[in-house]
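Biologist: I am new to this structure and would like to learn how to read it. Please take me through the main features one at a time.

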Amino acid sequence: MIKIKFRKPKGSEYKEFARVENSEAKQYMSVFTPSECTMLCVGKASEKDLAESAKTRKFLIATINNKIVGTMRYYLKENGILWISMIQVLPKYQKIGVGSGLLSEIEKRAKRLGIDAIALEAQKKADWAIKFYKANNYKILNIKELNKKPFVGTLLKPPVTHTYIFGKVLKNT
Ligand SMILES: CC(C)(COP(=O)(O)OP(=O)(O)OC[C@H]1O[C@@H](n2cnc3c(N)ncnc32)[C@H](O)[C@@H]1OP(=O)(O)O)[C@@H](O)C(=O)NCCC(=O)NCCS
């Protein structure tokens, strides 16, 4: 049985963290055009960008035998929900539960902090990601749900048509 561990990365690991984030490029390039990939900043992570991002975002990593195999960026929104901005798993380590492990670890940590819900945005064209969030019991939020507690205030502007907003309420789960 593979042992996956979860922790905050050290600054000295940002380079490897960026490498894991950038490993999504091939998967994205299979469905998105080069200009869409540019717009989505696919393959653009760097050590410098992570150091800058660390001022406003929190990071979580998944490791197997001390190797970083999964990464997540997240932060707490003003309405009290936890927003996942990025999640990536190295292609060689996909489909063995690393991504689901990152989600359940962040849910556990969020619950401990008294956070009611988690939300994130996913590109509709990234069908693998849609399946992944659904498999982890994240629900596509409609406008009515986005205007109700606990998700009200999550978006500063109306959702765009090419993405889904997913959410999961943590209370009593
Ligand atoms: C999305 C991603 C994080 C999933 O990570 P993962 O570690 O492979 O996911 P898991 O092994 O925990 O998968 C859990 C379930 O999600 C679904 N799923 C995951 N990857 C899938 C894929 N490529 N195609 C279809 N379903 C998939 C399956 O139902 C899977 O369960 P199963 O293995 O029993 O079939 C990974 O594919 C990735 O890093 N992709 C590139 C970056 C990305 O798209 N991030 C999300 C941006 S919104």
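Biologist: How many bridges join strand β2 to strand β3, and do they run parallel or antiparallel?

Modeller: Keep in mind that this is a predicted model. Strands of a sheet pair through backbone hydrogen bonds, in either a parallel or an antiparallel sense. Here β2 (residues 58-64) and β3 (residues 67-76) run antiparallel, with seven bridges between them. Lys 58, for instance, stands opposite Tyr 74 in β3.

Biologist: How many residues lie between β2 and β3 in their hairpin?

Modeller: Two residues lie between them, and Asn 65 in that turn has a positive phi of about 50 degrees. A second hairpin is formed by β3 and β4, with five residues between the strands.

Biologist: Which residue in β4 is the bridge partner of Tyr 74?

Modeller: The partner is Ile 84. β3 and β4 (residues 82-89) pair in the antiparallel sense over seven bridges. β4 also pairs with β5 (residues 117-123), but in the parallel sense and over three bridges. There, Leu 82 has Ile 118 in β5 as its bridge partner.

Biologist: What is the order of the strands in the sheet?

Modeller: The order is β1-β2-β3-β4-β5-β7-β6, an open sheet of seven strands with mixed pairing. At the edges are β1 (5-7) and β6 (139-140), each of which pairs on one side only.

Biologist: Which residues have the most contacts inside the largest nonpolar core?

Modeller: In soluble globular proteins, nonpolar side chains tend to be buried together. In this model the largest nonpolar core has 35 residues, and those with the most contacts inside it include Ile 84, Ile 118, Ala 119 and Phe 166. Among the elements that give two or more residues to this core are α1 (14-22), α5 and β7 (163-169). β5 gives the most, with five residues. As for Ala 119, its contacts beyond four places in sequence include Trp 83, Phe 151, Ile 165 and Phe 166.

Biologist: Which residues come nearest to the ligand?

Modeller: Of the 19 residues around the ligand, Gln 94, Gly 99, Ser 100, Trp 128 and Ala 135 come nearest. The shell divides into 10 nonpolar, six polar and three charged residues.

Biologist: Which element supplies the largest share of that shell?

Modeller: α6 does, with five residues. β4, α5 (98-112) and α6 (127-135) each supply at least two residues of the shell.

Methods. Residues are numbered from 1 along each chain as its sequence is written. This is a predicted model: local features need pLDDT of at least 70, side-chain atom pairs count only at pLDDT 80 or more; totals for chains, interfaces and linings use all residues. Two strands pair if DSSP finds at least two bridges between them. Helices (H or I, at least four residues) and strands (E, at least two) are DSSP runs, numbered from the N terminus. A residue is near a molecule or strand if its C-beta atom, placed from the backbone, lies within 6 Å of it. Ala, Val, Leu, Ile, Met, Phe, Trp, Tyr, Cys and Pro count as nonpolar, Asp, Glu, Lys and Arg as charged, and the others, Gly among them, as polar. A nonpolar core is a set of buried Ala, Val, Leu, Ile, Met, Phe, Trp, Tyr and Cys residues joined through C-beta atoms within 7 Å. A residue is buried if 20 or more other C-beta atoms lie within 10 Å of its own, exposed if 12 or fewer, and partly exposed in between; C-beta atoms are placed from the backbone. Two residues are in contact if their C-beta atoms, placed from the backbone, lie within 7 Å.
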